[in-house]
Amino acid sequence: MKFFDRIKNKFNSRNKKNRSAQSVIPFRLNFLLWIVGILLLALTIRLFDLQVLNGNSYKAEVKRSDTSIQTNNVQRGMIYDSEGKVLVGNQTHQAITYTKGQNVSSDDLYKIANRLGQYVKVTNKNSRLTDRNKEDYYLADKGRLKSVLKHVKTTDSMSDDDKYNKALDYLDKHPGSWELTPQQKNNARIYAAMSGAYSLSTTYIKETGVTSKELAAVGEHLNEMPGVKIGTAWTRNYPQGKDIQSLVGTVSTTGLPSDEVNSLLSQGYSRNDSVGQSYIEKMFQATLAGSKSQTEVTTSGNNVTKEKVKYKGKKGDNLVLTINSQLQSKVQSILKNNYSSAGNSYSSGVYAVVMDPHTGAVLAMAGIDRNPKTGKQTVDQIGAINHPITMGSVVKPATVMGGLMSGVITPTNSTLTDRPIKVQGVSTKASWFNKTGSANMAVDAATALEVSSNSYMMQLIMKEGGMNYTDNAKLTLKPSIFQKERYYFNMFGLGQKTGIDLPGETSGYEGPSTQSHVGSALDLAYGNYDGYTTIQLAQYMSTIANGGNRMRPYVIKAIRGTKSNGKLGPVEYTTQPQVQQVIPAPKSYFDVVRQGLYEVTHGSNTYVTGKALSSVKPSVSGKTGTAETVSEGHETTTLSFAGYAPSNNPQVVVALAIPGSTNDDGGANLNMAKEIFNAYWKTVKSSKSVSDD
């Protein structure tokens with residue numbers, strides 16, 4: 001019995017434990033459900049607070065705190081000459097800058113400008129102050145704006161902008177009712193610079209001329225002027241002299257040029273960016289500008305709370321020019337020193353180009369622009385590509401090549417008689433040495449170049465036009481003769497753009513080409529009608545010098561990076577010589593012309609024109625020019641020259657022109673040419689490295 005009682009007790013005990021466990025499980029589950037419920041309730045309350053009770057304030061706070069990318073300018077690439085000398089460099093300055101925060105009001109800017117104006121003096125040289133700048137500053141004071149609005153008619157329906165414009169109109173019409181003090185004008189310049197900046201963009205308040213006193217004062221009060229900093233700026237300097245500016249151009253110093261603002265903004269520039277304004281600086285702006293640095297900026301309201309540099313930026317790439325700075329300087333001086341001897345009272349300038357005939361590389365490009373009315377002279381190197389000039393007899397080798405290529409003469413049969421040309425309806429035209437016919441003589445093509453025979457060139461053109469000349473005959477040429485002449489001239493580069501890598505090149509000037517002007521086709525034959533640029537003259541003579549390859553002139557030799565030490569870095573691009581056209585003429589034609597050019601400077605004829613160059617070593621071959629022109633109502637002459645050296649192995653071409661000369665007997669063109677050739681052998685290449693005749 002006891003045994004069965006023990007089994008029963010154990011069974012009852014086990015049942016009690018099972019019931020106890022079953023009762024614990026619902027309790028734990030209920031407890032967890034209560035916890036979840038409380039958390040959900042807390043979350044609901046929090047969401048209600050965030051979205052309903054305080055939603056607007058939190059949205060405003062989000063707007064006040066933001067992270068954006070701030071960009072800053074980097075140092076501009078430099079420009080070097082062909083020997084690695086710096087032509088255009090960068091000068092570092094300490095500067096006062098301002099980085100505009102987000103949602104900065106005009107009232108904030110006004111207060112900062114007034115505060116900064118106590119420590120920094122900004123002049124018109126630093127920032128030009130316009131009437132609108134003055135008005136904006138004056139009206140930035142709320143009290144003054146309110147006072148001005150009392151004098152104009154406004155309505156409640158008008159927008160704030162409309163009211164502001166009304167206030168501006170009032171100030172324009174009543175200049176005597178308000179005036180800024182010198183201190184306020186200083187502050188107004190600062191205010192204008194700050195107002196023109198974009199959010200999170202950095203602008204220069206004072207880029208150059210910051211004194212140590214100003215730096216100390218600003219540094220001491222930076223915490224009072226949000227966004228104001230002491231930074232670094234760069235401006236262009238010219239170690240080899242500022243004359244090179246007329247070739248390389250300039251860079252803006254007060255932000256984007258006003259006439260190109262919209263175009264440059266569309267390209268991603270900021271209003272306060274400095275950009276190339278002319279010539280090489282402008283044409284290669286993207287290369288020289290580099291890549292801006294990028295800084296991640298966190299702002300809270302109007303204050304910058306954190307800055308982190310994401311990209312340091314990349315300095316602009318450097319340009320290496322074909323220009324030899326020493327030769328460039330000497331050629332410019334040669335023009336200046338010899339210009340007056342040409343008789344330049346009515347002259348508009350003088351220009352010269354030195355070129356490698358085998359590559360088209362421009363070694364020097366010099367020029368002087370002169371105002372005939374005032375006599376003022378300015379450096380104008382770029383005038384060599386955009387100033388068309390009636391060049392005169394210097395183009396006669398192209399006329400001879402046209403006669404050979406058209407078949408009216410041959411290398412072995414080219415003799416004609418130099419005599420005055422008399423045709424019906426056209427005034428008598430003659431060579432300079434044979435005005436009356438007393439010096440009639442037989443000349444072949446080479447001799448015609450030696451003595452600069454106008455008569456020979458006119459007879460060639462008449463033959464090309466199908467006319468056999470006889471005295472007092474009717475001129476039967478048709479207007480198409482102009483096209484035929486210019487076809488050969490253009491082939492050598494005369495009368496069309498050369499394609500040089502500089503902006504603003506002109507193609508020259510073409511005189512009228514109608515039947516009523518057909519007599520002028522005779523003048524065109526000896527260079528007294530159309531106008532050409534000096535760079536065209538250099539390209540044309542280079543084509544003759546190298547045996548028939550018309551090379552594209554260029555001034556950009558290479559684009560190079562920068563090493564960590566600031567020196568010239570690896571080559572990123574090199575200009576390759578480009579043949580624009582191969583003249584379809586045999587060597588024998590060029591031999592005739594080159595013989596004539598040699599005789600111009602070394603011939604024995606009584607009427608040889610370039611004998612003054614016979615003593616130059618290595619020997620020079622070339623052609624002189626004296627075009628009859630009218631300048632300022634006076635009879636004048638263009639003195640020109642184009643030639644190469646050495647005669648038997650051309651290494652360099654010199655071309656120059658002096659329009660409006662009154663002294664065609666002074667030999668200014670030949671003196672300039674002689675000095676330029678000598679300067680080349682002294683500065684660029686030793687004359688001992690080449691063979692002479």
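Which side chains meet in a salt bridge at 2.8 Å, N to O? Asp 530 and Arg 486 do, and the views below start with them. This is a predicted model, in which local features need pLDDT of at least 70, side-chain atom pairs count only at pLDDT 80 or more, and totals for chains, interfaces and linings use all residues. Residues are numbered from 1 along each chain as its sequence is written, and side-chain values use heavy atoms, with hydrogens and water left out.

View A. Asp 530 sits in the loop between α19 and α20, and Arg 486 in helix α18 (residues 480-492), 44 residues apart. Helices (H or I, at least four residues) and strands (E, at least two) are DSSP runs, numbered from the N terminus.

**View B. Thr 533, in the loop between α19 (520-525) and α20.** Thr 533 counts as buried because its relative accessibility is 0%. Beyond residues up to four places away in sequence, Thr 533 touches Ala 384, Ile 385, Asn 386, His 387, Pro 388, Met 391 and Thr 506 (contact means heavy atoms within 4.5 Å). Its C-alpha atom is 8.9 Å from that of Glu 505, 28 residues apart along the chain.

**View C. Lys 373 and Glu 632 in a salt bridge.** The closest N and O atoms are 3.1 Å apart. Here the loop between β10 (362-370) and β11 (377-379) is linked with the loop between β21 (621-631) and β22 (634-645), the two residues being 259 apart. Lys 373 is exposed, at 68% relative accessible area, whereas Glu 632 is partly exposed, at 43%.

**View D. Asp 107 and Lys 111 in helix α3.** Their side chains meet in a salt bridge (3.4 Å, N to O). Because the two are four residues apart in the helix, about one helical turn separates them. Lys 111 counts as exposed, at 53% relative accessibility.

**View E. The largest nonpolar core, with 93 residues.** Such a core is a set of buried Ala, Val, Leu, Ile, Met, Phe, Trp, Tyr and Cys residues joined through side-chain atoms within 4.5 Å. Among the residues with the most contacts inside it are Ile 280, Met 401 and Leu 502. Helix α20 (residues 534-545) gives the largest share, seven residues.

Conventions
Buried means under 20% relative accessible area, exposed over 50%, partly exposed in between (1.4 Å probe, protein chains only). A salt bridge is a side-chain nitrogen of Lys or Arg within 4 Å of a carboxyl oxygen of Asp or Glu.
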